[in-house]
Amino acid sequence: MPQVMDTSTQIQHDDEETTKKTSGVLETFRNSIRLVAQKSPLTPGSRGSKNQSPSTPSKAPHSPGVTSPLRSVAVLFHTKDHDDESQKGRPVMRSRTEPNMARLDSLLKKGASIRRSLRFSSKKDKPQDAFLAVRDEAEEEGEDGEEGEDGEEGEAWEEMEETYTLPELPHIPLSVMQINKLIEMEVLEEAHLHLLALRAEFQRERLRLAQEDSPVELAKKEKDLILLYADLRLKMASIVRTSVSLPARNEGLLVHVARIVQEEDKRAREPGGLQGSWMDAWREAVDRGTRDKVEGVHLEPSNDSNASWLAVHLGLLGKALLEDLEKVKNELRRSYPPSFRVFATYVRSYHAAVGRHLRTLEGRATRLKDLYALLDWIVHRYRGERIMGSAALEPDMSAADADLRVDDDFLRRLRTKFCNTAKEDLRASLDRLLELENEEMWSVGKRPDTDADRLFTSVFHVDICTKVRGNAVNAAHVDGELERDVIASCLGELKDFPKRFDSEFRRRCSSARADDPLWSEYRVTYVNCFSALRVHTEESYRRSSPLAVAALGEELSRLVLSLRDGLREQFEEDVKPYLRRMMTRNWLTNDDDFNRLYARAELLAQHCAAARPPHGQEVASRAHYHVLKEYVGQLMKNKYSCKNRKHDKAAGKIRAQCSKLADVFQRMGSQEDWLDPVGERLSDIVGQKNKNHIKEHLQPLLEQYPDFSSRHLAAVLAFRGLMRGREHRRILRRLEQLRKTTAATSDDDGRERSLFGGTEAAVRTDCLSDVSVFCFSFVFPGDDLRSRSAAGSSPSWK
């Protein structure tokens with residue numbers, strides 16, 4: 001409580017004594033004045049007040065230089081009864097919804113000067129003169145008020161005038177306690193006038209005491225001024241902060257706030273005031289109000305059961321912003337002069353408040369859906385037609401003002417977080433797909449589905465494509481840059497998946513039965529799936545992210561190749577025991593092993609038919625080559641020699657079996673058709689009745705298979721039963737001669753095809769075959785026994 005006592009307190013006590021002496025005379029005068037006041041348009045319940053529209057703004061709050069005669073009337077009737085009520089602590093009641101009553105209450109505070117003027121008039125003339133003056137002025141003001149009711153509607157949406165006239169300051173200011181009470185009661189105009197009067201009084205005393213040594217009293221007054229100004233600034237800030245939420249209540253008060261700000265900034269360099277700009281303080285109050293409003297929008301907790309918490313909150317936030325700016329544009333703006341730039345100030349404040357609020361939300365947004373909602377709201381919805389771009393804010397809201405100004409670092413961090421979250425979300429989805437594949441397929445042994453073309457298919461790759469596509473589409477709704485970043489992130493994460501899948505699939509496959517054909521079907525299925533995934537990524541994202549697509553394509557190709565090799569290797573492992581028993585005594589008399597071989601080849605044909613081109617053809621080609629190479633390779637191992645003319649039967653069997661194998665691999669789509677004649681050519685040699693005619697069948701064999709060496713021929717002759725003798729040597733010598741001729745004329749394709757080159761030939765030896773090359777050269781000087789095969793092998797009889 002300020003300790004400085006104002007001289008107005010003494011004057012009030014003198015007025016009480018004067019009022020007691022003239023109470024009888026003034027009683028009749030008071031009743032007459034009350035009658036006049038009841039008829040005044042400023043009095044609630046009067047005839048003039050009934051015709052006034054509640055929505056029409058009052059002219060009085062910001063009309064400069066006008067002093068109502070009711071001010072004098074109210075002061076005249078500020079008797080001891082009213083003073084006693086004030087001393088008992090009863091608050092002065094004033095309406096917050098009726099501007100005229102607020103004005104009337106404010107006028108009641110200026111009674112001291114009129115009472116002092118009455119003190120110097122004669123008791124005889126005072127009542128009559130005062131009554132006449134009040135009656136005339138009241139009637140004139142009533143007429144002006146009625147005219148104002150009709151003339152103000154056209155200017156209802158206009159802003160205040162920039163210039164104004166400060167009312168006359170009271171000669172003697174109220175006490176510190178009384179001024180503080182006015183501030184608490186939000187009687188800002190009267191409180192400010194008395195505060196200015198108190199400040200002027202302080203300045204005069206400061207000048208007067210400048211040469212005297214009495215700073216204590218002056219320091220107390222300066223402290224009181226600073227405290228009162230601080231209270232006034234706090235009260236004004238409180239009014240400004242809530243002005244948008246309570247526009248009807250604060251409209252009149254904001255007029256006084258604006259004028260106080262203007263006046264105090266004019267007097268900024270005068271002593272006795274607060275430091276800092278009052279306009280800046282007003283802007284800070286606007287910022288605080290907008291921040292409170294933004295932070296007050298309902299925000300539900302983020303949890304799994306409430307997946308749309310952020311989207312709902314952003315919708316409510318946008319709605320609140322639009323409603324507040326509409327109130328500022330249509331209502332609050334007319335309470336301020338143009339220099340305040342009220343609408344632009346509130347837009348800037350809301351930009352800042354929303355920016356701070358978004359940083360808080362960014363910390364809570366951890367899921368991809370929430371981050372997308374946040375980015376989409378910032379980039380599109382905030383400046384869209386439902387918030388800042390609304391037609392209700394035009395033409396005040398320009399396109400530049402509608403953009404949310406957030407730091408580049410914040411937006412960049414939010415984009416990076418979105419990309420990283422999309423990457424992590426995709427990784428979790430891929431791991432979950434592996435688990436589902438194991439639970440629904442591998443563990444229970446479920447056969448894969450087939451499509452309309454009877455190809456093995458699965459939704460495995462479809463789920464992956466849908467996931468990546470969904471992330472890319474959501475990012476594209478924000479902008480193209482984010483779409484490219486998200487695609488690159490997702491493809492980067494997807495690049496590591498083929499290795500994880502291959503490792504997990506091999507682990508599951510190794511724990512199952514090795515000969516279970518179901519795992520071959522799984523391999524075909526995933527060959528189809530990952531081939532389709534590669535095609536999809538190349539077609540969809542090659543332009544936006546070529547490097548990531550190329551890196552992913554390499555990994556997918558490795559996985560597809562691994563699955564194809566697994567399919568082929570499983571086939572080779574299954575047919576290995578059957579091929580080992582070819583060209584034996586049992587083979588010549590029993591077809592069981594070949595029938596099993598053929599059945600397994602038929603199963604492989606079914607699997608290849610269920611694979612997407614060209615993967616089935618590639619598996620069939622390599623399997624075809626392996627089977628034929630191993631089949632004829634059994635001839636080179638010298639496991640059986642046909643005797644007693646059994647070579648004719650063996651030749652027929654070789655021809656028939658090779659024909660069946662060629663047929664089944666041809667149906668698979670094998671591209672190795674050059675392997676088909678080998679059975680026919682070997683059968684001609686093995687089945688030839690006259691061994692002298694064998695030399696005639698060497699040319700076609702060597703032309704089609706240039707890597708067929710004399711060592712391989714010796715093995716075939718041994719299987720036929722011809723292991724020694726002159727004709728044996730002549731056949732070998734003829735082959736060497738043909739090899740020289742064929743090597744000089746063969747084309748590149750012939751050199752690239754190799755069927756016998758990697759096959760070792762084991763030949764039986766006897767005493768003749770151990771004779772040195774020198775001895776044979778002496779006996780047969782025309783033989784070229786030093787010839788070597790193109791594969792580097794020695795003659796088979798060496």
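**Note on the predicted model**

1. E385 is placed in the loop between α16 (368–381) and α17 (399–402); helices (H or I, at least four residues) and strands (E, at least two) are DSSP runs, numbered from the N terminus. With a relative accessibility of 65%, E385 counts as exposed; buried means under 20% relative accessible area, exposed over 50%, and partly exposed in between (1.4 Å probe, protein chains only). The C-alpha atoms of E385 and L322 are separated by 10.0 Å, the two residues being 63 residues apart along the chain.

2. Some conventions apply throughout. The model is a predicted one, in which local features need pLDDT of at least 70 and side-chain atom pairs count only at pLDDT 80 or more, while totals for chains, interfaces and linings use all residues. Residues are numbered from 1 along each chain as its sequence is written, and side-chain values use heavy atoms, with hydrogens and water left out.

3. On overall composition, the protein has 33 helices and two strands. Of its 798 residues, 48% count as buried. Among contacts (heavy atoms within 4.5 Å) between residues at least 6 apart in sequence, 80% join residues at least 24 apart.

4. In soluble globular proteins, nonpolar side chains tend to be buried together.

5. What does F530 touch, not counting residues up to four places away in sequence? Its partners are F460, F497, F501, L556, L559, V560 and L563. F530 also belongs to one aromatic cluster with W442, F460, F497, F501, F505, W519, Y522 and Y526.

6. The structure holds 28 aromatic pairs. Rings of Phe, Tyr and Trp (its six-membered ring) pair if their centres lie within 6.5 Å; planes under 30 degrees apart count as stacked, over 60 as edge-to-face and the rest as tilted. The ring centres of W442 and W519 are 6.3 Å apart and the ring planes are at 40°, so this pair is tilted. It links distant parts of the chain, with W442 in helix α18 and W519 in helix α22 (residues 517–541), 77 residues apart. Both W442 and W519 are buried.

7. Two charges sit over rings, a term applied if NZ of Lys or CZ of Arg is within 6 Å of the ring centre and within 35 degrees of the ring normal. R233 lies over the face of W278, at 4.5 Å from the ring centre. The charged end of K660 sits over the ring of Y598, 4.5 Å from its centre.

8. The count of salt bridges comes to 45, each being a side-chain nitrogen of Lys or Arg within 4 Å of a carboxyl oxygen of Asp or Glu. In the bridge between D287 and R348, the closest N and O atoms are 3.6 Å apart. Because D287 lies in helix α13 (residues 278–295) and R348 in helix α15 (residues 342–364), the pair ties together parts that are 61 residues apart in sequence. D287 is buried, at 18% relative accessible area, and R348 is partly exposed, at 39%.

9. D324 and K293 form a further salt bridge, with the closest N and O atoms 2.7 Å apart. D324 is in helix α14 (residues 309–330) and K293 in helix α13, so the pair joins parts 31 residues apart in sequence. D324 is buried, with a relative accessible area of 1%, whereas K293 is partly exposed, at 26%.

10. Most residues other than glycine have a negative phi, and most peptide bonds are trans. A cis peptide bond joins E394 and P395, with omega about 0°, and P395 lies in the loop between α16 and α17. R454, in the loop between β1 (449–450) and β2 (456–457), has a positive phi near 65° and is exposed, at 70% relative accessible area.
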